[in-house]
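Biologist: I'm new to this structure, so please pick a single part and give me a close look at it.

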Amino acid sequence: MTVAADCALDMRGISKNFPGVKALSNVNFAVKFGTVHAVVGENGAGKSTLMKILNGSYAPTSGTIKVGDAEVRMRRPADAQALGIRMVHQEINLVPDLTVAENVYLGRMPGKWTFLRKREMVRAAAAVLDELGAAINPRERLGNLSISQQQLVEIAKAYAAQPRIIVLDEPTSSLSEHETAALFRILRKMRDDGIAIVYISHRLKEVLEIADEVTVLRDGSMIQTRPIKGIKAADMIRLMVGREVSNVFPKSPAAIGKSVLRVEHISDGQRFRDVSFEVRAGEILGLTGLVGAGRTEVARAIFGLSRLVEGTVSVNGREVSINSPSQAVRAGIAYVPEDRKGDGVVPGMSVRENISLPILRRLTRFGRISRSADRALARDSVKQFSISPPDGERRISLLSGGNQQKAVIAKWLAAKPSALILDEPTRGVDVGAKAEIHHIIGQLVAGGMAVVMISSELPEILGVCDRVVVMRDGYASEPLLRSELSEERIMALATGEEMA
Amino acid sequence: MRFLSLVSQHRVVIILGLTLVISALLVPGYLSASTLGLGLDRAATIGLIAVGLTVLLISGQIDLSGGAVFALAGIVSVILQREIGILPAAIVGILVGTLAGAINGMLVVGLKVNSLVLTLATMLIFRSLAHWITNSQPVTGTDIMLSLALAKIYLDVFTLRSVLFIALIVLLHFWLTRTIPGRNVFAVGSNPAAAKESGIASDRIVFLGFVFAGTLAGLAGVLQSLVTNTGSPVFGSELTVAVIAAVVVGGTRLEGGKGSALGTLGGVLTIGSLTIAMEFQSVPAYVQQVVSGLILILLVVLDRAVTTKGRASGTRPALVRDNPITQGGTT
């Protein structure tokens, strides 16, 4: 722990109103130099609004902000940066067409006059990346990097600016274990250098590991700030949701029926080999594994998004040949992809339009879409999945992540599949929405559907699934029964190291 | 896939080479210095405007009014010759282009409107102004000899215009690759939000981009009027399309963030040599446009083939995000 206790940031009585919405009310938030201060809260609790105020993107409706000893007013991000405040966004906010080095020094490239000192810049960027333990070529075009590498560049960019206050918003959501460990090392180093670090995360385990203090926000209000010592994950969850969450992962018992989806010895020739499993009606099969183990690739291949070179897929006992998603839908398979924004929703359309998208033909009579059927479907889905706000005409991009995810699931259920593949259905959604999504999945299998759930979260896998297949390097394990499941067992299979 | 991406990377060179080879086979005497000089001079008019448009497209904007500004600037420079003399008139003509660019830039930045629609509107306005000023009649200048001097060919190949164009391409290349504002133009076009967050003055860059593009369209128009000793309200009416075609053939992305001066040089030369070859063969103008259109389609398809394949086999974000250990372990 550090000794420095000077106040780096003191936000007092911060409120922010948007037309019709009170995003923050009277929030107090103070961070000391040389500490890591975590901010937790459900989606929509006001974390990002608070950070956007700190970042100069929004002006608060009322309240005061002190940085160091001086009261400040920030009108734009540049003002915050001039005060030594740097923000690392959850969403990559870099320029794909520039090089890594140019991104690290974006907006403040070194030069004389107008001329760029490229060599100097590349060398400096290489030094920063090296310090972060990131093996990234500073001359590489940023867009060619993987998401996790881009995330590291984002962090390098903030770090290179030698900030006094650094804000990290879900920085580990795209990092591997190794990279997360490296990030934590560098965060501790920055903390010991006296930098004030604001750390926003859904991952309470990480918060417990890295933070010195934690502030809980709920519904736009500050609930509590306290030292991390003596607090447990369960305490934080209770403060975040404002109620006891007795069982975060409710498991609903369902009668297991006959085999619905069966894959045998499938390979795509590259990413996975000889994968076999089956899912039965009323069953949730978990599919988990380490980085690049090939889980998503298996799902995409089954759904016809990529090709199989070997093996067979059967639905309800009949072998099917699937070369495109539309064939998969006809065979009775639905797939909810991981990348909600990219693949799952049409952001410009309403919730209703999104839901009816895959089955418009069924709603069409003589070439005309039946308005009433369309509306009824949306109404039912909104109700069944308790999509909030309960308004089918709202643009889907205005919904929170969890509610968008519910709408995406609703959309595929409208096609009445017999097997549903969910790829990381709860990534990036808050605790409450997570429980609701689990509840929905439980209802679906109770209704006789077969579900394959891909997830990286072991507590989720352990809590929800009837059987689990663990993938490693493109190969799949034998399914583990519920009674055989433990985190240690899964990790042993995922890493290939037997536990002592 | 590798082959395709190689083709895509060097596509300007390949297309230009193919154009020259095919033209040389079909058109007798095509590869002579005088033909090349003619082609280069023809290309320079497109090229001057294309230099400005390259910067604008990289910054994520577009300017459709270039052809109209070209005409208007030329007319002003000819009409004013009697009043204030040839050189001052030429300068005023170029400044008309600058002013038109400033108007475009101010409206796009100030009103935060789509530049495609806005410059479509200003294109109509500038074009109509040109007709209004001249009563839709061509105007002639005072000194015929000047136009002969300007059309003079040096070293068998170069004219004043083509030298100016090539010099500007070299400067543009240097500016885009070696200067801070040059790199910032890419940032603004590739990810405006990130550029803004990083403190880059995006609005100023976009505004200056329009001013630059307008000035160059004005310069090209004034030169055209001096060389022909004529200002005409119909000058440059099909230029905009040719310029956009040249810049896009050169590999500059319409959505912004990607492009190069050398690519634009290649694109301009391709369009220029294609035009000359077809004119030599007396191919009617409308067929020429068909050919240009087909080439553009081919390029767009090639681009798409390369990018979609690249995405399918490249590293998918999903692969690197999975990590049960950090997320699932107990403390």
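Modeller: Let's go with B:Leu25, which counts as exposed because its relative accessibility is 70%. On this scale, exposed is over 50% relative accessible area, buried is under 20%, and partly exposed is in between, with a 1.4 Å probe and protein chains only. This is a predicted model, where local features need pLDDT of at least 70 and side-chain atom pairs count only at pLDDT 80 or more, while totals for chains, interfaces and linings use all residues. Residues are numbered from 1 along each chain as its sequence is written, chains are lettered from A and ligands numbered from 1 in the order written, and side-chain values use heavy atoms, leaving out hydrogens and water.

B:Leu25 sits in helix α2 of chain B, residues 11-26; helices are DSSP runs (H or I, at least four residues) numbered from the N terminus. Together with B:Ile14, B:Leu18, B:Val21, B:Ile22 and B:Leu26, B:Leu25 makes up a nonpolar surface patch with about 610 Å² of accessible area. The areas come from the Shrake-Rupley method with a 1.4 Å probe, and for residues only the protein chains shown count as cover.

As for confidence, chain B has a mean pLDDT of 82, with 88% of its residues at 70 or more; pLDDT is the predictor's per-residue confidence, from 0 to 100. The model scores ipTM 0.76 and pTM 0.69.

Technical notes
Patch = residues over 30% accessible without salt bridge, like charges linked within 9 Å, V, L, I, M, F, W, Y side chains within 5 Å. Salt bridge = Lys/Arg side-chain N within 4 Å of Asp/Glu carboxyl O. Helix = DSSP H or I, 4+ residues; strand = E, 2+ residues; numbered from the N terminus.
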